[in-house]
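I opened this entry to look up a few points in the model. My notes follow the structure.

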Protein chains: 2
Amino acid sequence: MPITRTELKNLRALQTKKGRREHMRFLAEGTRLLEEAARFGMWPKILYFAPAMISERATALIERFREARVTCQEIQNRQMEQIADTKTSQGLIGVFETPATDTEQLYHPKYRTILVCENIADPGNLGTLLRSALAFNFRMALLLGRTAEPYAPKTVRASAGAVFGLALAEAGVDDVARLIKESAFTLLAAAVRGEMSAARALVDQPAERRMVAVGSEADGLSEALLGMASVRVRIDHSSDVDSLNAAIAGSILMKEVYDFSR
Amino acid sequence: MPITRTELKNLRALQTKKGRREHMRFLAEGTRLLEEAARFGMWPKILYFAPAMISERATALIERFREARVTCQEIQNRQMEQIADTKTSQGLIGVFETPATDTEQLYHPKYRTILVCENIADPGNLGTLLRSALAFNFRMALLLGRTAEPYAPKTVRASAGAVFGLALAEAGVDDVARLIKESAFTLLAAAVRGEMSAARALVDQPAERRMVAVGSEADGLSEALLGMASVRVRIDHSSDVDSLNAAIAGSILMKEVYDFSR
């Protein structure tokens with residue numbers, strides 16, 4: 001059964017920021033991403049698939065979705081190509097409700113490590129940071145300032161599905177301040193000219209709960225966030241480069257916290 | 001003085017892989033990248049700039065290029081937009097000769113750490129790896145298999161200019177084998193199910209010269225390369241993700257080698 005013009009229009013709208021905000025929904029394409037969603041029990045509101053395009057692995061996944069009572073609707077190849085963002089569509093695409101993005105609502109005391117992203121405007125960098133966050137047990141991320149949308153197609157893809165396993169809050173510096181004050185977090189701020197290495201800071205400043213903050217490559221973290229940091233940490237490197245890629249810097253710091261906490 | 005139609009056609013050809021191979025030249029756009037080129041003494045064959053579009057910082061850079069006897073040619077905004085790859089051109093673009101890519105020719109005994117990239121097909125990931133390589137004193141990179149082109153515009157951009165400071169070889173597994181045999185390198189191979197952490201491997205297996213090899217996210221390293229490794233190293237992470245992004249994994253390993261060697 002083909003989808004209606006209106007449905008198609010609404011789906012295509014989800015390729016834009018405006019459309020995602022209006023409909024409070026987002027898309028995830030391809031077997032791998034949808035498998036990750038299923039792994040975290042995040043079920044799409046509806047799954048569209050083009051039977052002629054899908055793999056055996058995708059067929060098995062659709063079976064799982066059906067068992068979870070997800071509506072799985074067949075569509076034509078041509079329609080799939082119209083709603084897909086990627087050039088080489090794998091023939092299946094899920095429509096998800098955008099989760100809540102309020103820090104207080106999302107925060108749970110079980111989160112002992114939180115990532116703070118400030119002005120990470122590139123969706124590829126943000127997605128990569130979120131993937132590393134999940135890998136290193138940072139189950140929550142606060143997204144500040146001009147940080148890219150977590151549920152934009154490029155971010156979802158670069159996250160390799162990690163967006164489905166994380167609490168992702170659109171936050172402000174006041175949220176960071178409140179967590180420091182009320183939930184006993186300390187803040188490690190990445191800074192090109194930081195005082196010490198993360199390894200040193202972790203030993204010198206014992207803490208139960210930690211946030212790692214990473215800012216834009218061009219400007220670093222804001223004075224507001226730097227002012228809240230218990231320490232500004234640097235990642236030592238050769239003087240042949242000015243700085244590391246933001247996703248690399250953030251991931252290295254999260255890994256150091258992860259290794260130290262185990 | 002406007003550039004001729006033929007010049008314009010040749011420049012536009014450099015946006016394609018075929019054109020770059022044919023002309024043995026590549027482009028680097030924008031103030032930041034061209035500053036990095038200058039820092040490493042890599043001078044463009046010719047620099048094009050649109051006077052109406054450039055910043056003060058770019059003007060100062062053009063002055064430096066002129067002092068180094070680089071031909072700096074004014075062109076019109078419209079022509080700049082035709083040859084630029086980025087949407088928001090900064091009004092200056094350099095044309096560089098593609099350096100040699102032969103491993104034996106590029107190798108120098110001063111290189112004590114070398115990065116090996118196998119099938120890193122995404123230019124963003126390759127560029128990020130090269131930026132980290134330069135940051136962590138890996139002055140040479142061997143690019144194997146279906147690895148992206150180092151001098152493609154996206155790679156150059158993601159490298160933040162690191163391509164100008166590195167020896168970049170298009171290599172084969174035989175080149176890796178020769179370096180191991182003749183130049184006393186040992187190979188640390190990134191593997192999702194590696195035997196031990198890099199920190200452990202570095203202590204357990206002292207070595208004068210090391211290569212770090214990273215493969216594609218989908219398939220990891222080839223059996224050929226894994227077979228040459230003195231150790232397969234893993235990066236410990238939570239079981240909530242299958243693997244890390246290839247650029248993250250490679251950068252973390254290079255950082256561990258860098259920290260250990262200092």
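Which residues touch the most other members of the largest nonpolar core? I found Leu115(A), Phe136(A), Leu115(B) and Phe136(B), in a core of 120 residues. A nonpolar core here is a set of buried Ala, Val, Leu, Ile, Met, Phe, Trp, Tyr and Cys residues joined through side-chain atoms within 4.5 Å. Buried means under 20% relative accessible area, exposed over 50%, and partly exposed in between (1.4 Å probe, protein chains only).

For the record, this is a predicted model: local features need pLDDT of at least 70, side-chain atom pairs count only at pLDDT 80 or more, and totals for chains, interfaces and linings use all residues. Residues are numbered from 1 along each chain as its sequence is written, chains are lettered from A in the order in which they are written, and side-chain values use heavy atoms, without hydrogens and water.

I then listed the contacts of Leu115(B) (heavy atoms within 4.5 Å). Not counting residues up to four places away in sequence, Leu115(B) touches Leu129(B), Ala133(B), Phe138(B), Met140(B), Ala141(B), Leu142(B), Val212(B), Val214(B) and Met254(B). In soluble globular proteins, nonpolar side chains tend to be buried together.

Next, the two chains. I noted that a rotation of 180° with 0.0 Å of shift along its axis superposes chain B on chain A, with an RMSD of 0.0 Å.

I looked at helix H12 (residues 246–261) in each chain. Helices are DSSP runs (H or I, at least four residues) and strands likewise (E, at least two), numbered from the N terminus. The two H12 axes come within 10 Å and cross at roughly 65°. Axes are lines fitted to C-alpha atoms over the stretch in contact, with angles from 0 to 180 degrees between N-to-C directions. Residues making the contact include Ile248(A) and Ile252(A) of H12(A), and Ile248(B) and Ile252(B) of H12(B).

Last, single residues. Ser216(A) sits in the loop between strand E10 (209–214) and helix H11 (223–228) of chain A. Ser216(A) counts as buried because its relative accessibility is 12%. Lys181(B) is in helix H9 (residues 173–182) of chain B. At 76% relative accessibility, Lys181(B) counts as exposed.

How values were computed
Least-squares fit on C-alpha atoms with pLDDT ≥ 70 in both.
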